[in-house]
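Visitor: Good morning. I am new to this structure and would like to be taken through it step by step.

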Amino acid sequence: MQSSIGTIYYSNPPRDLEKGDWNGDTVNNTTDLLSAEECRNKFSNFIKNFNQSGDYIYREMLINNVSIGEYTLRLELHHLSIDEVSCSEIGEHTENASYDGSLINGRENDSENFHNGVRNNELSCLIKCFKNAPLKYIPICEGALKRVYLELVGKHKKEITEEEINRLVPDIQLQIVSNQEPTLIRDLKSNVMEKLVTVPGIVIQSSKPQKKASKLKILCRQCKGTRNIAIPIWRQGTILPRVCNTAPIGEAPKCPLDPYFTLSDESEYIDIQSMKFQELPEHVPTGDIPRHISLHMTRGLVDKVIPGNRLYVVGVLSSTDKESSKVHSNSRNGSLRTSYLYVIGVMNYGSNWSSKNTKTLMRSSSMSNQYNEIEEFRRISSLPNIHELIVNSIAPAIYGNETIKQAIACLLFSGSSKCLPDGNRIRGDLNILLLGDPSTAKSQLLKFVEQVAPICIYTSGKGSSAAGLTAAIVRDHANGVYALEGGAMVLADGGVVCIDEFDKMRDDDRVAIHEAMEQQTISIAKAGITTILKARCSVLAAANPTFGSYDDSKDLTQQHDFESTILSRFDLIFLLKDEKNVDRDRLIASHIVELHSGSNGKTNVSNSESTGSLQFELLQKYINYCREFVHPRLSLDAAAILENFYVQIREDNREKTNKANKERIPITVRQLEAITRIAESFAKMEMQVIANEKHVEMAIKLFKNATIEAIKSNILLLDNLSPAEQSAIIDAEVAIKNRIPIKARAGKTTIIKDLVLVGYDPYYLSKAMKILIQKGDLIERSDFSIFRVK
């Protein structure tokens, strides 16, 4: 962020702020706008008289906020359209005024809220003032708020002065939310400079709150004369006068050039905070880099948002000298400037169940249209083949893999999160690992999820670091302040993170996401910043075997490098093998040829349920609606079935392992919670508030087809080693060290083959080698060779 908050620059005295000229910036075309007195009177009358069904919302809001020490007032800009009605008629003509908070497609929704004298297509004078010259009129209205408050509480006197008002009431911040048409960050051009804009995006970086002078008291070194300078809160600094304005008395010497210095203890300050605001992924053109802009929060907006929040920011596009961080800058004319957004208000991003792949940023979605959509969702959920419809709609271009598609559907709908009485939280999001041969459509499935999920971040394991996935502490070069920047899992809060090439990640980077995958939080304690970020997202990962593809002649434990600690955090694990089957190969080839020839194209875009699938956009909306409004819980009978299954499978495994003199546990409590989440997701597909026995049985069947098969392949065995096994691993460690001299290197596969020939078990050799690598005795290189350190 190229900004310099609170810096003071020396130059000629600034021009008059009351004339709409701030350090060289002029307001665009203010000839048809209100005067300061007219604006003050109209706004005061509006605050005192506006009501909804007899409820004077702004009166009560102002009194309540000031009484609790929160000196802010949140104004919905479209309410000002009643300025065309005289204040005496407000109560009569706006008795049924209402606003549902939804954003309308660039139009003021006056026809539903106001009538009898209000012209729907004409904006009020106050709205024009706020939109065209917000930096001039917002301070005027904030000053009017203090007088209105004193009138409402009965403390206003007829001849009260500004000094008395400032002593009785602190400054009150006016926060504005607007339903005007949004502007993308890449569309913030010079034509909207110094005007009110609404910008969608995501917060990716947040700095520490700082202090900035709002009223500066300066003292002359020579004559000891003092002056007070009011600093506009939307600018980053001010200019100290270079000449003292006190006339010499008698034969006193004239004050020199640059005589003033700041009296910090007698100045007034406000809280400010800088943030980096980036375009949403769905708004970035293909192949382009996301653009960002600096946000400047002040007063009551400080510490209200964190990295990962998706927002509509209402603010003023302003600019500052590009080299404003340098006190003795040579760019005195300010011809080259960098822009930032002075924030006036924030709103949550859009409707959560609207499609993200739309041509317009905001949809004109009236209440009747929303009700029609909800009725359509209810009709779809009541279909007997709803699960089949959803599975067939998942990546229809990929043939087969019905079980995996069913699991991905569960991941998209997710389970229900629970908040325990002690404050802890149990996650409801599912994590899935696809572990298989190349050309088994793993990456294609991840790409489809990126398109259909409401919020999704796609990344590759080879190009992802621990900081890139979780969070990082970065330093602002302009002012040296450390800021917190969220990674992929923070930015995907409430959505999905797709990690391709998961096996190519370093072990240290994989360990960093342990907390995020289970507790769904990211703890940071760096550079004096200690905080916890939310990472409530699902993880869909795809990985290849260690040697590229599976070798049936080898044990699966030798063909992957994942620790049990990371594998146990995945709710479902699928093994995808490129099996040689003539009939299946023919069907796949026929399906691919049809896709390329275009004969199957109509099926992919059809909205007819007779085709056995849902339209892509309808599927998006249905997923988003169910995730937001449907939160099922297990019934007592379903919980009993789940409990019996968990106990039985552990007992059966205990009997089998006792015969082999081993104690290996196939599932733990994490897998039990995974089955619960899967059952809840099946119920959510039907928009049911209760997950019954049928949903649990479907979840158990899916769990058996996925994770249990992986367990049978020894890929997920959480070992409780017996003394005999521990002794075997120690012997294998000694044998490996004897095989490799210190400072020598040998191939990993060669070492295991040589020791197997002399009677060692390959399972214990693999375990021993991993333990030695973790201890630091051995180093594993990228070419699968082992180097002995000590």
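Guide: The following conversation goes from the overall make-up to individual residues. Please note that this is a predicted model.

Visitor: How many helices and strands are there in the protein?

Guide: The protein contains 25 helices and 32 strands. Of its 790 residues, 49% are buried.

Visitor: And what share of the contacts join residues at least 24 apart?

Guide: Counting contacts between residues at least 6 apart in sequence, 74% join residues at least 24 apart.

Visitor: Which residues have the most contacts inside the largest nonpolar core?

Guide: They are F43, F130, M489 and F502, in a core of 84 residues. Helix α6 (residues 134-152) supplies the largest share of this core, with ten residues.

Visitor: Which residues does M489 touch?

Guide: Leaving aside residues up to four places away in sequence, M489 touches L469, V497, I513, A516, M517, I522, K534, A535, C537 and V539.

Visitor: What about a second core?

Guide: A separate core of 62 residues includes L430, L434, L445 and L576.

Visitor: Let us change topic. How many aromatic pairs does the structure hold?

Guide: It holds ten aromatic pairs. One of them is formed by F448 and F616, whose ring centres are 5.9 Å apart with 75° between the planes, an edge-to-face arrangement. This pair links distant parts of the chain, 168 residues apart: F448 belongs to helix α11 (residues 442-452) and F616 to helix α19 (residues 616-629).

Visitor: Is F448 buried or exposed?

Guide: F448 counts as buried because its relative accessibility is 13%. F616 has 29% relative accessibility and therefore counts as partly exposed.

Visitor: Why is the pair of F502 and F570 edge-to-face?

Guide: The planes of the F502 and F570 rings stand at 85°, with the centres 5.8 Å apart, so the pair is edge-to-face; the angle required is over 60 degrees. F502 lies in the loop between β21 (496-500) and α14 (507-512), and F570 in the loop between α16 (564-567) and β25 (572-576), so the pair ties together parts that are 68 residues apart in sequence. Both F502 and F570 are buried.

Visitor: What sits over the ring of F502?

Guide: The charged end of R510 does, 6.0 Å from the ring centre. Elsewhere, R59 lies over the face of Y56, at 4.1 Å from the centre of that ring.

Visitor: Which residues form an aromatic cluster?

Guide: F377, F413, Y622, Y625 and F629 form one aromatic cluster.

Visitor: Back to helix α19, please. How many of its residues are buried?

Guide: α19 is mostly covered, with ten of its 14 residues buried. The buried residues include Y622 and Y625, as well as L618 and L619.

Visitor: Why does the length of α19 agree with what it should span?

Guide: At 1.5 Å a residue, the 14 residues of α19 should span 20 Å, and its end C-alpha atoms are 20 Å apart, so the two agree. The expected span uses one less than the number of residues.

Visitor: And why is helix α9 largely enclosed?

Guide: Six of the eight residues of α9 (residues 386-393) are buried, so the rest of the structure largely encloses this helix. The buried residues are I386, H387, L389, I390, V391 and S393.

Visitor: What happens just after α9?

Guide: A395 takes a positive phi of about 45° there. Most residues other than glycine have a negative phi.

Visitor: Where else is phi a positive value in a residue other than glycine?

Guide: E194 is one of these places, with phi near 65°. E194 is in the loop between β5 (173-177) and β6, and counts as buried because its relative accessibility is 9%. K743 also has a positive phi, near 70°. K743 is in the loop between α23 (723-739) and β30 (745-747), and counts as exposed because its relative accessibility is 58%.

Visitor: One last topic: which side chain does T198 contact?

Guide: The side chains of T198 and Q180 are joined by a polar contact of 3.3 Å. T198 is in strand β6 (residues 196-207), and counts as buried because its relative accessibility is 0%.

Notes: Residues numbered from 1 in each chain as written. Predicted model: local features only at pLDDT ≥ 70, side-chain atom pairs only at ≥ 80, totals over all residues. Heavy atoms only, no water. Helix = DSSP H or I, 4+ residues; strand = E, 2+ residues; numbered from the N terminus. Buried < 20%, exposed > 50% of the residue type's maximum accessible area, 1.4 Å probe, protein only. Polar contact = N/O pair within 3.5 Å; in protein donor to acceptor, adjacent residues only side chain to side chain. Phe/Tyr/Trp six-rings, centres within 6.5 Å; stacked < 30°, edge-to-face > 60°. Lys NZ or Arg CZ within 6 Å of the ring centre and 35° of its normal. Core = buried A, V, L, I, M, F, W, Y, C linked by side-chain atoms within 4.5 Å. Contact = heavy atoms within 4.5 Å.
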